[in-house]
Amino acid sequence: MKPVKNVEKGSPEGSSAITKQEVQTGNPTYDNKSIKINRNTGTYQENNAETNQNKQQHKADKMEQEGSTFLVLANRLPVDSYTDENGNVQWKRSPGGLVTALEPMLKKREGAWIGWAGGTSEPPAPFREDGMKIVPIQLTQEDVEEYYEGFSNATLWPLYHDAMVTPKFDRSWWDKYVEVNQRFADAAAKEAAEGGTVFIQDYQLQLVPQMLRELRPDVRIGFFLHIPFPPKELFSQLPWRRRVVEGLLGADLIGFQVQGAARNFLDLTRDFLGLSPTENTVVAKDGRKVKVDDYPISISSKEYDRLARSAEVEKLIHRYLSELGNRRIILGVDRLDYTKGIDRRLKVYREMLADGMLDPEEVVLVQVAPPSRERVESYAKLREEVEREVGGINGEFGRFGLPAVDYIPRSLNRTELAALFRIADLMMVTPIRDGMNLVCKEYVASRIFGNGNLILSEFAGAAQELKDAWLCNPHDIDGMKEVVKEAWDASEEEQKRRMSTMRDHVFEHDVDRWASDILHDLGID
Ligand code: ADP
Ligand code: F6P
């Protein structure tokens, strides 16, 4: 991956490192521009790279003075830092559909992205990458514990996912959530150009729309929730429920993954704030009309398809197949999160092996599960449980060199994932609740020969789009076993029939379409 270029002050082409000095002072160094003499005409001429650099510099200066006309706010930045062999801090773009989808708009509009760089050390001063300004927000250790691990991931995350783990309501976590949301709002208020557009992402920043509106009534504000939004019966548990609804209502447009979530939110504006929502709008107390609708997010489908056809993927496929032996493959790819239903999947698999519905000589379950949010208690507990169960299945059904479950507890790169998607006869996506789930769309986009079986939980947002998947209820172990068996035995013709409709859908409704739909409704094209 190419390192992020620091061009804020015109650093030379190819020099992308942010030096230690720059990190400390926040002042990147820069070279004088080089000028070439054209020997034929005798005139001075800047080389092309230099001209481009000057253009970028000009753009950066303009942005510095006037602010950004399109801003994205998300808990995380779309870049990761690393230290190179010379001890310099470098940044590389983290792969992800969201940044890819928003990139054209960020470039076109002199955009900026505000977010947390991860970790608790002092982040660098704002810098530019590929036509986008990156504005890091600092979080202290206490912020991480109370805003990120606490309120975001031990209160809101479980509450919004059916309270399948008991949400914790801690008043100091709430105070920290307010404080950090205010920090993001302040940064956006400082960064946004007069009349600009600010697009806020996800559950970690639900108070920012209202906070920002108070600071900058001139900007247009959009908000998109990537995770589910619960019904009143659950949401009512939240001691600060009114504040959250009011916080979101500061936006001009609030987007959800599915219609039911948008409906849940609109109902709350009536029940908690006494407003009168209609089908897709609600008029806030200050008289603003707020649009509330569903915008199902997606992936860069063509990019996945291209990757799945690449020579690198072919090479990996050969390697994986020889390592896995002559067995058919069931695949799971998830962050290690209790919402993903990994435990149920393992139970189904174990029982099917025990019942003789699957033969351990003929099948292997490959489960990729990088640990996530490890300092949150429920995640640490899940990791222990999953690892114990994997050990149990391998002890009972594996043979030396041929485990029944091939468990990969780390992140894979996209090429590795695409290779796994290509060789998986059966992909199991079995969340108990999921806002959308992108893994299942990635599997579909990677099935370049049009066959394969997607087992998909009814409780993933994606199930409302991929109706030709083998839908299942992850609470019903016997029902899931039957669905897995049916899919396992499905004819090539049946597989292709289902996959073809799903592929059409995923290619038509890709992340670019998502971005253009929501940004269009937000008033920018
Ligand atoms: P969530 O956002 O809750 O983790 P999604 O399915 O919506 O779930 O998105 C997960 C994203 O992370 C997908 O793009 C997927 O490819 C990626 N991902 C999931 N597991 C891994 C892994 N083991 N290695 C690398 N990327 C992963
Ligand atoms: O799906 C919700 C989400 O917050 C994504 O935006 C993010 O990529 C993923 O979960 C991982 O979460 P975290 O940023 O907490 O590691």
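## Ground rules

The model is predicted, so local features need pLDDT of at least 70 and side-chain atom pairs count only at pLDDT 80 or more, while totals for chains, interfaces and linings use all residues. Residues are numbered from 1 along each chain as its sequence is written, chains are lettered from A and ligands numbered from 1 in the order in which they are written, and side-chain values use heavy atoms, with hydrogens and water left out.

Let's start with β11, residues 253–256. Strands here are DSSP runs of E with at least two residues, numbered from the N terminus. Leu253 and Gly255 sit on one side, Ile254 and Phe256 on the other, and all are buried, meaning under 20% relative accessible area with a 1.4 Å probe, protein chains only.

β11 pairs with β10 (residues 220–224) in the parallel sense over three bridges; for two strands to pair, DSSP must find at least two bridges between them. It is Gly255 that bridges to Phe224. β11 also pairs with β13 (residues 289–294), again parallel, over four bridges. Here Gly255 has Asp293 as its bridge partner.

## Around ligand 1

There are 14 residues around ligand 1, counting those with a heavy atom within 4 Å. Arg335, Lys340, Leu412, Leu438 and Glu442 come nearest. By class, the shell splits into seven nonpolar, two polar and five charged residues; Ala, Val, Leu, Ile, Met, Phe, Trp, Tyr, Cys and Pro count as nonpolar, Asp, Glu, Lys and Arg as charged, and the others, Gly among them, as polar.

Now for the polar contacts, here pairs of N or O atoms within 3.5 Å. The Lys340 side chain puts an N or O atom 2.9 Å from a ligand 1 oxygen atom. From the backbone, an N or O atom of Leu412 lies 2.8 Å from a nitrogen atom of the ligand, and one of Val439 lies 3.3 Å from an oxygen atom. The protein covers 75% of the 560 Å² of accessible area that ligand 1 has on its own, by the Shrake-Rupley method with a 1.4 Å probe.

## Around ligand 2

Ligand 2 has Arg76, Tyr148, Trp157, Asp202, Tyr203, Gln204, Ile227, Arg335 and Arg373 around it. That shell has four nonpolar, one polar and four charged residues.

Oxygen atoms of ligand 2 meet polar side-chain atoms of Arg76 at 2.7 Å, Tyr148 at 2.6 Å and Arg373 at 2.9 Å. On its own, ligand 2 has 380 Å² of accessible area, and the protein covers 64% of that.

Notes:
Buried < 20%, exposed > 50% of the residue type's maximum accessible area, 1.4 Å probe, protein only. Polar contact = N/O pair within 3.5 Å; in protein donor to acceptor, adjacent residues only side chain to side chain.
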